[in-house]
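Reader: Hi! I'm new to looking at protein models. Could you walk me through this one?

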Amino acid sequence: MELIRIHPSDIVAVALTEIKAGTELTVDGISVTANEDIMRGHKIALFDIKAGDPVIKYGNPIAIAQKDIKKGDWVHTHNVKTGLSESAEYVYDHQVYPLPEVAPKTFMGYRRKDGRAAIRNEIWIVPIVGCVNGIAKQIVEENQDVVKGSVDGLYFWGHPFGCSQLGGDLEQTRKLLTALVHHPNAGGVLCLALGCENLTMNLFLEGLGEYDPERVKFLTCQNVEDEVEEGGRIIHELAEYASQFKREPIPASELVVGMKCGGSDGLSGITANPTVGRFSDRLIALGGSTVLTEVPEMFGAENILFSRCENEQVFDKAVGMVNDFKQYFVSHGQVVYENPSPGNKAGGITTLEDKSCGCVQKGGSAQIVDVLRYAEPVTKKGLNVLSGPGNDLVSATDLTAAGAHLILFTTGRGTPFGAPAPTVKISTNSALYNKKRNWIDFNAGTVADGESLDAAGDRLLDFVMEIASGKKTKSEEHGIREISIFKDGVVL
C-alpha cells in the first residue's frame with residue numbers, strides 16, 4: 001500500500017512510501033498520478049483544489065489552499081496555510097462510542113501502604129531548589145549500593161528553580177515538586193533543601209500536605225556539617241523501608257497511563273497515535289485511566305475531543321482550559337498557530353490543525369471524565385485531559401506529577417529522552433524503529449505495513465503490562481530520566 005486516505009471525505013491522501021513523479025496510484029477507487037516526488041508522510045491531492053478552499057484530512061479542515069492545487073500535486077507549506085485564529089466558538093454536541101470488550105489483565109506491581117499501586121519501587125531525591133542539584137547527584141552516585149532486591153533504582157530530579165521566583169512560578173514549582181514526592185513509583189523520597197531559598201521548607205511542607213514520615217524524609221544542607229554523608233545515611237534508611245515492598249499481581253484497572261507525542265511526522269496520526277488510542281480504549285474498558293495533555297496541540301481539533309466530554313460541566317472545563325492556553329499565547333504577543341516545528345514539517349505535517357488532528361487520535365473514543373490543571377492528580381477512572389504545553393519534557397513531567405505510572409510517547413523522528421515515569425517510545429514508522437533500536441521500545445509502523453489498528457492496540461496493551469511488571473524502557477536502560485518545570489514569569 002502506497003497511499004492512505006484516512007477519512008472518506010478527505011481530499012488528500014498520505015504517502016506511506018517515497019513516491020516518484022509520474023507514479024500512477026489508486027486509493028479508495030480514486031486514480032491519481034503524482035505530479036512531483038512525494039516524500040513518505042506527506043500529502044498528495046486526490047482532487048483539484050481551488051485557492052481559498054479548505055483542505056480536508058481526518059474528515060476535518062487542516063489548511064486553506066493559498067493557490068490552485070492540481071490533482072496529483074504535493075500539498076504542503078508552499079501551497080496551503082493555517083485556518084486558525086485566536087478565537088473560536090464551541091458547542092457541546094455529545095457523542096458516545098462503544099468501548100471494546102477486553103479480557104481481565106493483571107500486572108506485577110507494588111502495593112503501597114495507602115493502597116495505591118506502583119510499577120517501580122525506586123528511591124527519589126527531589127531538590128527543593130536548583131542550588132543543591134550537584135549535592136543530589138553526588139548522593140546518588142555514592143549510594144548505588146542500595147539498588148538491590150526489590151529496590152529498583154536511585155534517582156534525583158534536578159531543575160534550576162525554587163529560588164529567584166515569584167508568585168505563580170514559585171507556586172508552580174512547589175506544586176510540581178510536591179506532586180513528585182507523592183508519586184507511587186517512589187518507595188522512598190528525600191526532599192533536599194539548601195536553607196536560604198524562596199521555596200522555604202515550611203512553604204514546601206504546606207504544599208506537600210500529609211505524608212508518611214517513614215517514606216518521605218528531609219535534609220537542609222546548610223544545617224549539617226557534611227550533607228553528602230548525612231544524605232547517604234537517610235538514603236539507606238529509605239532503602240530499608242522500601243525494601244519491604246514486593247511485586248504482586250494487581251488488576252490493570254489500577255494503572256494510570258500518560259499519552260504524549262513528539263517529533264511527529266505525517267504517519268503519527270495514522271499509525272502510532274491511533275494505536276495509542278486503541279490502547280487507551282482497552283485500558284479504560286478494563287477500568288483503568290489514561291491522561292492526554294499538550295493543549296496547544298489540540299488547537300484546531302478541539303471539537304473532536306469536546307464532543308466526548310461526559311457532561312456539560314466537563315465540557316465547560318475543557319473549553320476553559322483551551323481558551324486559557326490561547327490567552328497565554330496572546331498575553332506574550334504570540335499567535336496560537338506558531339506550530340508545527342521544523343522537524344514536524346520535514347516529516348509531512350503542514351499546519352497546527354494537521355498536527356492537532358493527528359495528536360488527538362491518542363485519546364481514542366472513550367468519554368472524557370475530567371479536565372485537570374497543571375500537575376493536578378488523576379482522581380477519576382477513564383480518559384482525563386491535563387493542562388500542559390506541547391514541550392516534550394515539560395508535558396511528560398506534568399503527566400508524571402498527575403500520577404501517570406508510565407508514559408506512552410509516540411514519535412516519527414525519534415528522541416532519547418525519558419521522564420521520571422517510565423517512558424515508552426513508540427515509532428510511527430518501521431524505518432525509525434529499525435534505525436534507533438536504542439531509543440524506540442515499540443513499533444507502530446507495522447500499521448502502515450498492513451497490521452490493523454486493533455491488533456496493534458492489543459499488542460501495545462500486552463507490552464504495557466510487561467513494562468508495568470518491571471521490564472525496563474530504553475530510556476531507563478540508558479539512565480536517561482529528567483524533569484522540566486513549566487514557568488511563565490520573571491527570574492529575580
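Author: Happy to! Let's start with Glu 294, which is buried with a relative accessible area of 0%. Buried means under 20% relative accessible area, exposed means over 50%, and partly exposed lies in between, using a 1.4 Å probe and protein chains only. Before going on, please note that this is a predicted model, where local features need pLDDT of at least 70, side-chain atom pairs count only at pLDDT 80 or more, and totals for chains, interfaces and linings use all residues. Residues are numbered from 1 along each chain as its sequence is written, and side-chain values use heavy atoms, with hydrogens and water left out.

Reader: Thanks! Where is Glu 294?

Author: Glu 294 sits in the loop between S18 and helix H6 (302-306). Helices (H or I, at least four residues) and strands (E, at least two) are DSSP runs, numbered from the N terminus. Glu 294 also has a positive phi of about 70°, although it is not a glycine.

Reader: And what about the phi of Tyr 58?

Author: Tyr 58 is not a glycine, yet its phi is positive, about 60°. Look for Tyr 58 in the loop between strand S6 (54-57) and strand S7 (60-65). Tyr 58 counts as buried, at 9% relative accessibility.

Reader: New topic: how many disulfides are there?

Author: The count comes to zero disulfides, where a disulfide is a pair of cysteine sulfur atoms within 2.5 Å. Take Cys 196: the nearest cysteine sulfur belongs to Cys 163 and is 6.4 Å away. For Cys 357, the nearest cysteine sulfur is that of Cys 359, 10.0 Å away.

Reader: Is Cys 196 buried or exposed? And Cys 357, buried or exposed?

Author: Cys 196 is exposed, with a relative accessible area of 53%. Cys 357 is buried, with a relative accessible area of 0%.

Reader: Ok, helices next. At what angle do H2 and H3 pack?

Author: Helix H2 (residues 167-181) and helix H3 (residues 201-208) pack at about 60°, and their axes are 9 Å apart. The axes are lines fitted to C-alpha atoms, for helices over the stretch in contact, and angles run from 0 to 180 degrees between N-to-C directions. H2 and H3 are therefore oblique to each other. For the cut-offs, under 35 degrees is roughly parallel, over 145 roughly antiparallel, 65 to 115 roughly perpendicular, and the rest oblique.

Reader: Which way do H2 and H3 cross?

Author: Their crossing is right-handed. A crossing is right-handed if the near helix is turned clockwise from the far one by less than a right angle, and left-handed if anticlockwise.

Reader: Which residues meet there, between H2 and H3?

Author: From H2 there are Leu 170, Arg 174, Leu 177, Thr 178 and Val 181, and they meet Leu 203, Phe 204, Glu 206, Gly 207 and Leu 208 in H3. Contact means heavy atoms within 4.5 Å. The residues of this contact divide into six nonpolar, two polar and two charged. Here Ala, Val, Leu, Ile, Met, Phe, Trp, Tyr, Cys and Pro count as nonpolar, Asp, Glu, Lys and Arg as charged, and the others, Gly among them, as polar.

Reader: What about H1 and H4, at what angle do they pack?

Author: Helix H1 (residues 133-142) and helix H4 (residues 227-242) pack at about 55°, with axes 9 Å apart. That makes H1 oblique to H4, and H1 passes H4 in a right-handed crossing. Ile 135, Gln 138, Ile 139 and Glu 142 in H1 meet Glu 227, Val 228, Gly 231, Gly 232 and Ile 235 in H4. This contact of H1 with H4 has four nonpolar, three polar and two charged residues.

Reader: How many residues of H10 are buried?

Author: Nine of the 10 residues in helix H10 (residues 392-401) are buried, so the helix is mostly covered. Among them are Leu 393, Asp 398 and Ala 401. The buried residues of H10 pack against H2, strand S17 (256-261), strand S18 (289-292), strand S20 (382-386) and strand S21 (406-411).

Reader: Last one: what does Leu 283 touch?

Author: Not counting residues up to four places away in sequence, Leu 283 touches Ala 252, Leu 255, Val 257, Gly 288, Ser 289 and Thr 290. Leu 283 is found in helix H5 (residues 272-285) and counts as buried, at 0% relative accessibility.
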